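Q: I would like to learn to read packing and backbone features from a model. Can we go through one together?

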Amino acid sequence: MTTLNEIVEQISSEVKQNDVAVAAAADMEVLEAVNMAISRNIASFSLFDEEAKLKAMMSEHFPHLLNHPKVRLINVKGAAQAANAAVKSVFVKDSNVLMKGHIPTAVLLKAVLNDEYGLRTGNILSHVAAFEITGFDRLIFITDAGMNITPDLMQKAQIIRNAVQVARSVGVDTPVVAPLAAVEVVNPAMQATLDSASLTAMNKRGQITDCIVDGPLALDNAISAIAAENKGITGTTAGNADILVVPNIESGNILYKSLVYFAKAKVGGVIAGAKAPIVLTSRADSAESKLYSLALAIKSSAIE
């Protein structure tokens with residue numbers, strides 16, 4: 001099993017140079033993540049914010065980052081300028097990962113979607129989370145718990161493609177994808193089952209590639225071979241899902257937070273589908289989770 005910490009170690013041993021552009025970096029939690037990443041040798045950082053504010057905060061809490069060869073300070077005024085400058089840094093390939101600092105998500109995404117220098121590809125943007133859960137022999141990816149509220153069929157297809165790309169970047173060559181529903185049979189009254197069946201058919205017809213899509217499946221049958229067997233669901237993919245595709249953002253949010261708070265799972269998350277991966281950490285995320293998110297983004301940046 002590849003663990004999240006092993007992903008960090010893989011990056012630290014690679015020769016490839018990674019640079020993370022951080023929009024509005026003058027924030028204690030953000031600087032803590034930067035400090036952790038530098039200590040593990042996984043990236044250099046371009047920090048966009050008011051230089052005086054950044055220097056004051058770093059002098060007090062992280063003085064060793066001042067004049068550090070892997071830290072570059074870029075003076076900008078305000079959230080909008082920070083977002084625009086950080087996105088432009090990725091656009092011109094000075095950086096290969098974009099990270100949200102102390103800035104509203106909407107402000108950052110407005111810059112990401114800018115027609116002139118943004119990072120849009122024509123694909124949908126979606127959140128992909130990689131969970132390391134006690135008792136499981138593999139990482140479990142959950143999508144989309146953070147971006148798309150009620151994705152339709154074609155959006156779900158793109159959400160799967162984004163998640164497959166991320167999973168493959170960390171060594172899951174042919175991920176098993178389970179579009180989740182409450183039951184395992186198609187029920188016209190339950191849209192999630194209709195979408196799941198269609199996504200499975202699209203995979204069989206080559207419209208969704210580099211993975212195996214099998215659904216609809218309830219959560220237990222997607223992740224437990226014993227539960228699948230008890231339900232009479234057979235085949236090599238039964239109970240062996242790598243990627244769980246949730247029907248909507250509410251179910252994804254609940255599943256995500258249940259794993260964090262009830263199961264104490266380790267997690268890293270990234271926004272995929274843009275020209276470069278985007279790290280949207282929140283204040284509730286642990287420093288460890290921020291590090292794992294950065295590592296996941298850096299690994300997936302190699303194939304974006």
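A: Start with contact: two residues touch when heavy atoms lie within 4.5 Å. The model here is predicted. Take Leu-294: leaving aside residues up to four places away in sequence, Leu-294 touches Val-20, Ala-33, Ala-37, Ile-42, Phe-45, Met-99 and Val-279.

Q: Which residues have the most contacts inside the largest nonpolar core?

A: In soluble globular proteins, nonpolar side chains tend to be buried together. In this model the largest nonpolar core has 55 residues. Ile-42, Phe-45, Leu-47, Phe-141 and Leu-294 have the most contacts inside that core. Helix 11 supplies the largest share, 7 residues. There is also a second, separate core, with 24 residues, including Leu-108, Leu-109, Tyr-117 and Ile-278.

Q: How do I read helix packing, and at what angle do helix 2 and helix 11 pack?

A: Read the angle, the axis separation and then the residues in contact. Helix 2 spans residues 28-39, and helix 11 spans residues 287-301. They pack at about 60°, with axes 9 Å apart. Angles of 65 to 115 degrees count as roughly perpendicular, and those under 35 as roughly parallel. The angle here therefore makes helix 2 oblique to helix 11. The crossing of helix 2 past helix 11 is right-handed.

Q: Which residues make the contact between helix 2 and helix 11?

A: From helix 2 come Glu-29, Glu-32, Ala-33, Met-36 and Ala-37. From helix 11 come Ala-287, Glu-288, Lys-290, Leu-291 and Leu-294. Sorted by class, the contact has 6 nonpolar and 4 charged residues, with no polar ones. Note Leu-294 again: Ala-33 and Ala-37 are among the residues that Leu-294 touches.

Q: How do I judge burial? Is Val-128 buried or exposed?

A: Buried means under 20% relative accessible area. Val-128 has 0% relative accessibility, so Val-128 counts as buried. This residue is in strand 5, residues 126-132. Beyond residues up to four places away in sequence, Val-128 touches Phe-141, Ile-142, Thr-143, Asn-162, Ala-163, Val-166, Gly-268, Gly-269, Val-270, Ala-272 and Leu-296.

Q: And Thr-193: buried or exposed?

A: Thr-193 counts as buried because its relative accessibility is 0%. Thr-193 sits in helix 7, residues 191-204. Its contacts, again without residues up to four places away in sequence, are Ala-181, Val-183, Val-185, Val-186, Asn-187 and Pro-216.

Q: What should I look for in the peptide bonds? Which residue does a cis bond join to Pro-216?

A: Look at omega. Gly-215 is joined to Pro-216 by a cis peptide bond, with omega about 10°. Pro-216 lies in the loop between strand 8 (212-213) and helix 8 (219-223). Asp-144 is in the loop between strand 6 (140-143) and helix 6 (153-169). Its partner Thr-143 is among the contacts of Val-128.

Q: Now phi. What is the phi of Asn-67?

A: Asn-67 has phi near 65°, a positive value in a residue other than glycine. Asn-67 lies in the loop between helix 3 (51-61) and strand 3 (71-75). At 81% relative accessibility, Asn-67 counts as exposed.

Q: Where is Asp-210 found?

A: Asp-210 is in the loop between helix 7 and strand 8. Its phi is near 65°, positive in a residue other than glycine. Asp-210 counts as partly exposed, at 43% relative accessibility.

How values were computed:
Residues are numbered from 1 along each chain as its sequence is written. This is a predicted model: local features need pLDDT of at least 70, side-chain atom pairs count only at pLDDT 80 or more; totals for chains, interfaces and linings use all residues. Side-chain values use heavy atoms; hydrogens and water are left out. Axes are lines fitted to C-alpha atoms, for helices over the stretch in contact, and angles run from 0 to 180 degrees between N-to-C directions. Helices (H or I, at least four residues) and strands (E, at least two) are DSSP runs, numbered from the N terminus. Angles under 35 degrees count as roughly parallel, over 145 as roughly antiparallel, 65 to 115 as roughly perpendicular and the rest as oblique. A crossing is left-handed if the near helix is turned anticlockwise from the far one by less than a right angle, and right-handed if clockwise. Ala, Val, Leu, Ile, Met, Phe, Trp, Tyr, Cys and Pro count as nonpolar, Asp, Glu, Lys and Arg as charged, and the others, Gly among them, as polar. A nonpolar core is a set of buried Ala, Val, Leu, Ile, Met, Phe, Trp, Tyr and Cys residues joined through side-chain atoms within 4.5 Å. Buried means under 20% relative accessible area, exposed over 50%, partly exposed in between (1.4 Å probe, protein chains only).
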